[in-house]
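Here are some notes for a first look at this one. Have the sequence and the model open side by side, and take the points in order.

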Amino acid sequence: MAATSCVLMDRGNNTTCTINLHGATVVSWRVNNQEQLFVSKEAIFDGKKAIRGGIPFVFPQFGEWPLGPQHGFARIMRWNLEKGPERMASGDIEVVFSLCDNPLIRNMWNYQFRLTYRLILREKELHFNVNVYNTNKEASFYFTLLLHTYFKVPDVRRCQITGLSGCTYVDKLRDCNIYHENRDAVTVTEQTDRIYRNTTQEHIITNVVSGRKMRIQKYNFPDTVVWNPWAEKAKELPDFGPEEWPNMLCVEAGRVTHPIVLQPGTAFEASQSLQVM
Ligand code: BG6
């Protein structure tokens, strides 16, 4: 029988976080019983396909990839539970997952690496710490990485996102040109797929669940991807309900514009915190 595939972090007060070992995908984050993440009703949990929603872990490639599946392999591999869930002295709950190269991975990406993913569940906050280690003594490798967060929202058309003003972006739905964002608060009113570059360390999203705000704080993740498929594109996604697009907004912290080159024996570290305000 397959070992259980979900890890539950329970902080008390109906504040929990559930992580599926398939991709180390966070599939639920509840604060006082309020779900903060969107997972499609049509999401497929077959241990093969990427889970449509929550927080898929994108590595070592954001977007299309000639060597393997779109957005890389990390979101479709079974990760190891390294530590926890454990209650810390502060009352917060900690858990650590890891993923190393294996023969299946080496077939598409022939490098020696180790990923660790540490999550801390606080009262109104979920903290993520990502480490990538190059465990080889001779070869360097490069990668892009992103936390593909699907926020649950009552109506995406009413959300505003701060922290993008003054940034340049690539619009994946248009061309390869670089555009300039001049809105203080970005709204999403049509199909959107943009890579904002060199964004500030903090974004606030308004009108998430219960009309509250969500604060994203990030470190060493210079890019922010904003994505919503809207009605037409949603119909093309087999694991996404055609009527669900108003209820999600992806605001994804990552390092995708300039890949990281990791020298032998060195490590990359980045982090993100999500906080309900
Ligand atoms: C976004 C990309 O991050 O993810 C989009 O910018 C993509 O281009 C979307 O369509 C969803 O990707 P997937 O592989 O999960 O369907």
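1. Helices (H or I, at least four residues) and strands (E, at least two) are DSSP runs, numbered from the N terminus.

2. Where does this come from? It is a predicted model, in which local features need pLDDT of at least 70 and side-chain atom pairs count only at pLDDT 80 or more, while totals for chains, interfaces and linings use all residues. Residues are numbered from 1 along each chain as its sequence is written.

3. Now the overall picture. The chain holds two helices and 21 strands. Its C-alpha trace spans about 50 × 45 × 35 Å along the principal axes.

4. Two more totals. Of the 277 residues, 39% count as buried (20 or more other C-beta atoms within 10 Å of a residue's own; exposed means 12 or fewer, partly exposed is in between, and C-beta atoms are placed from the backbone). Among contacts between residues at least 6 apart in sequence, 64% join residues at least 24 apart; a contact means C-beta atoms, placed from the backbone, within 7 Å.

5. Which strands pair with β16? Strand β13 (residues 168-171) runs antiparallel to β16, joined by three bridges. Strand β19 (residues 223-228) pairs with β16 in the antiparallel sense too, over five bridges. Follow Y196: Y169 has Y196 in β16 as its bridge partner, and Y196 in turn has T224 in β19. Strand β16 (residues 192-196) is mostly covered, with four of its five residues buried.

6. On to the ligand. Around the ligand sit A50, Q70, H71, H148, K172, D193, V225, W227 and E252, where near means a C-beta atom, placed from the backbone, within 6 Å. This shell divides into three nonpolar, three polar and three charged residues. For that count, Ala, Val, Leu, Ile, Met, Phe, Trp, Tyr, Cys and Pro are nonpolar, Asp, Glu, Lys and Arg are charged, and the others, Gly among them, are polar.

7. In an unreviewed entry, UniProt places the feature "binding site" at R52, Q70 and R75. These positions are spread over 24 residues of sequence but cluster in space, with a largest C-alpha distance of 13.3 Å. Keep in mind that such annotations may be inferred rather than shown by experiment, that feature names are shortened, and that the positions use the numbering given here.

8. Is R52 buried or exposed? R52 is buried, because 23 other C-beta atoms lie within 10 Å. R52 lies in the loop between β4 (34-35) and β5 (57-58). Leaving out residues up to four places away in sequence, R52 touches S40, E42, A43, D239 and F240.

9. R75 is in the loop between β5 and β6 (80-87). With 22 other C-beta atoms within 10 Å, R75 is buried. Residues up to four places away in sequence aside, R75 touches G23, T25, A50, P56, F57 and V58.

Conventions: Two residues are in contact if their C-beta atoms, placed from the backbone, lie within 7 Å. Two strands pair if DSSP finds at least two bridges between them.
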